[in-house]
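Subject: Structure handover

Hello,

Here is the structure for you to look through. Please open it first, then read my notes below.

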Amino acid sequence: MSGNFQKNVHHFPGHMRKALNTLERFVHAMDLAIEILDARAPNASKNPFLEEVLKNKPRLLFLSKADLADEAITRKWCEFFKEQGYMNASADFKKENLLKILREAAAPLIKEKEERANRLGQKKPLLKLFVVGIPNVGKSTFINQLLHRRVAKVANRPGVTVAEQWLRVSDDFLLLDTPGILPMAYDDHQSAIKLALLGSLPQNILPLEELLETLLPYLLSEKPAKLSSIYGFSIEEIKNDNFSLLEKVAIKRGFLDRNGAYNFEKAGWSLIKDFQSAKLGKISLEIPDL
């Protein structure tokens, strides 16, 4: 596999520009921005493009897909973000009570707004929320579970939400949903690769070999027993060799061309899919610098 990589990765569809314009238009009215991050790569999935737009707003970082990430590393990320001054929480969006977690995290803001309304003789106010995040990070799942009904489209591919929606969450919250927003360009190659591995960038943005050059050495180093169990080979057969691993995956899955040659492309994408679904175990691609 070659180590060639295009200098910058550019991916900024038109609906993402519209989403940014929407954020800039409504940000003055918002009380809290909820940014959804992927717990497997919180740094890569944290959008620096939002820093300028949301700089004066309280922000709650929700680490999604915690059930797919290494639990100990996720706890370290929560500690790291707390030290950085961010309210934060991690959750399995499909199982946990997100409204309860949100109320607890936003309690100081709710109290402040209610006290101000009482002083002015106004009725109980609604806390206005943003929900933002890069594509395929769990935004729509978060919203649907928060509301206990399916109001936001969900799919395991980027770019499903394409227009903003106002949503009544409860007696406490009014929520503005927006499409996922990616930076216009990634100067950090490794961040782009991680996002492609997680499915937040379309598969055709980066060459498969670039993704495998990052993922396979990690799996061979950290998950050799799991690889051996799933794909049916002894650890000694692989010897930390990417090519040999892909060969074993091709054999196990029956990925053969018409001439009987192994189809390494199918084997590579199959392995990435197994990583994304946590079939290879709970894996975090990033560790915070504590």
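A cavity is a set of points where a 1.4 Å probe fits but cannot get out. Keep that in mind for the first item. Also note that this is a predicted model.

**The cavity**

How many cavities of 30 Å³ or more does a search of the whole structure find? The search finds one. The largest cavity has a volume of about 50 Å³. Its lining is made up of I110, K113, E114, P125, L126, L127 and D172. Helix α5 gives the most to this lining, with three residues. By class, four lining residues are nonpolar and three are charged. No polar residue takes part.

**Helix α6**

Now go to helix α6, residues 139-147. Eight of its nine residues are buried, so the rest of the structure largely encloses this helix. The buried ones are K139, S140, T141, F142, I143, N144, L146 and L147. Just after α6 comes H148, which takes a positive phi of about 60°.

**The aromatic rings**

The count of aromatic pairs comes to nine. Take F80 and F81 as one example. Their pair is edge-to-face, at 5.5 Å centre to centre and 65° between the planes. Are these two residues buried or exposed? Buried means under 20% relative accessible area. F80 has 17%, so F80 is buried. F81 has 3%, so F81 is buried too.

F93 and F142 form another pair, and this one is tilted. The centres are 5.2 Å apart, and the planes are at 55°. The pair links distant parts of the chain. F93 sits in the loop between β4 (87-90) and α5 (98-119). F142 is in helix α6, and the two are 49 residues apart. F93 has a relative accessible area of 4%, so F93 is buried. F142 is at 0% relative accessibility, so F142 counts as buried as well.

There is also an aromatic cluster to find. W77, F80, F81 and Y86 form it together. Note that F80 and F81, the edge-to-face pair, belong to this cluster.

**One serine**

Last, look at S270. This residue is found in helix α12, residues 264-276. S270 has 12% relative accessibility, so S270 counts as buried. Which residues does S270 touch, not counting residues up to four places away in sequence? The answer is R253 and F255.

Best wishes

How values were computed. Residues are numbered from 1 along each chain as its sequence is written. This is a predicted model: local features need pLDDT of at least 70, side-chain atom pairs count only at pLDDT 80 or more; totals for chains, interfaces and linings use all residues. Side-chain values use heavy atoms; hydrogens and water are left out. Buried means under 20% relative accessible area, exposed over 50%, partly exposed in between (1.4 Å probe, protein chains only). Helices (H or I, at least four residues) and strands (E, at least two) are DSSP runs, numbered from the N terminus. Rings of Phe, Tyr and Trp (its six-membered ring) pair if their centres lie within 6.5 Å; planes under 30 degrees apart count as stacked, over 60 as edge-to-face and the rest as tilted. Contact means heavy atoms within 4.5 Å. On a 1 Å grid over the protein atoms alone, a cavity is a set of points where a 1.4 Å probe fits but cannot get out, and a pocket is an open set with protein on both sides within 12 Å along at least five of seven lines; lining residues have an atom within 4 Å of a point. Grid points are joined across faces, edges and corners, and a volume is the space filled by probe spheres set on the points. Ala, Val, Leu, Ile, Met, Phe, Trp, Tyr, Cys and Pro count as nonpolar, Asp, Glu, Lys and Arg as charged, and the others, Gly among them, as polar.
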